[in-house]
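Work through the exercises below with the structure open beside you. Try each task before you read its solution.

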Amino acid sequence: MKIAIGSDHAGLHLKEEIKRHIVSLGMEVEDLGCDCTDSVDYPDYALKVCDQVVSGKADKGILICGTGIGMSIAANKVPGIRCALVHDLFSAKATREHNDTNVLAMGERVVGPGVAQEIVQIWLETEFSHGPRHEGRINKLKSIEDKYSIHP
């Protein structure tokens, strides 16, 4: 499995921890930045990661900023992305099972590296619960996305 990962300056240190953990799980990681603590704009890095996911170049994406909020908002603007902001283990599992999320957002200032590693592992290992209940809801999300997407 290939995971695209990105952060802004406020998520840099947690991103580095998460990268090592993903590699230890036997998965490939593509780091799309940033690589400094100078102030950068989180939407730029969210878009890089989401582009990799929607194009199929990455199986899933992980985004980290100070709170995870900005990254999750930016990610969910990209058609085809279902990004969840997660800071606990229950939500990590539920968002994969029920929402089939393909991008995970976290905040370095909110969650410590140990819990973040557990969140990532649970999120990566949990499968979507196929079936009419959850698939119907995902299809409704796709309909909303289609309705409000601007098609050139």
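**Exercise 1.** At what angle do helix H1 and helix H5 pack, and how far apart are their axes? Classify the pair, then find the residues in contact.

*Solution.* Note that the model is predicted.

Step 1. Locate the helices: H1 covers residues 12-24, and H5 covers residues 113-125. Their packing angle is about 45°, and their axes are 10 Å apart.

Step 2. Classify the angle. Roughly parallel needs an angle under 35 degrees, and roughly perpendicular needs 65 to 115. H1 and H5 are therefore oblique to each other.

Step 3. The crossing of H1 past H5 is right-handed.

Step 4. List the contact. H1 contributes Leu14, Glu17, Ile18, His21 and Ile22. H5 contributes Pro113, Ala116, Gln117, Val120, Gln121 and Leu124.

Step 5. Sort by class. The contact of H1 with H5 has 7 nonpolar, 3 polar and 1 charged residues.

**Exercise 2.** How do the axes of H4 and H6 cross? Classify this pair too.

*Solution.* Step 1. Take the geometry. The two axes cross at roughly 85° and come within 8 Å.

Step 1. Apply the cut-off. The range 65 to 115 counts as roughly perpendicular, so H4 is roughly perpendicular to H6.

Step 2. Find the residues. On H4 they are Glu97, His98 and Asn99. On H6 they are Arg133, His134 and Ile138.

Step 3. Sort by class. The contact of H4 with H6 has 1 nonpolar, 3 polar and 2 charged residues.

**Exercise 3.** Which residues lie nearest the centre of the largest pocket? Describe the pocket and its lining.

*Solution.* Step 1. Start with the space: the largest pocket holds about 340 Å³.

Step 1. Go to the lining. It has 17 residues, and Asn76, Ile81, Arg82, Leu141 and Glu145 lie nearest the centre.

Step 2. Trace the elements. Strand S4 (83-85), helix H4 (89-99) and helix H6 (132-148) each supply at least two lining residues. H6 gives the most, with 4 residues.

Step 3. Sort by class. The lining divides into 7 nonpolar, 6 polar and 4 charged residues.

Definitions and conventions:
Residues are numbered from 1 along each chain as its sequence is written. This is a predicted model: local features need pLDDT of at least 70, side-chain atom pairs count only at pLDDT 80 or more; totals for chains, interfaces and linings use all residues. Side-chain values use heavy atoms; hydrogens and water are left out. Axes are lines fitted to C-alpha atoms, for helices over the stretch in contact, and angles run from 0 to 180 degrees between N-to-C directions. Angles under 35 degrees count as roughly parallel, over 145 as roughly antiparallel, 65 to 115 as roughly perpendicular and the rest as oblique. A crossing is left-handed if the near helix is turned anticlockwise from the far one by less than a right angle, and right-handed if clockwise. Contact means heavy atoms within 4.5 Å. Ala, Val, Leu, Ile, Met, Phe, Trp, Tyr, Cys and Pro count as nonpolar, Asp, Glu, Lys and Arg as charged, and the others, Gly among them, as polar. On a 1 Å grid over the protein atoms alone, a cavity is a set of points where a 1.4 Å probe fits but cannot get out, and a pocket is an open set with protein on both sides within 12 Å along at least five of seven lines; lining residues have an atom within 4 Å of a point. Grid points are joined across faces, edges and corners, and a volume is the space filled by probe spheres set on the points.
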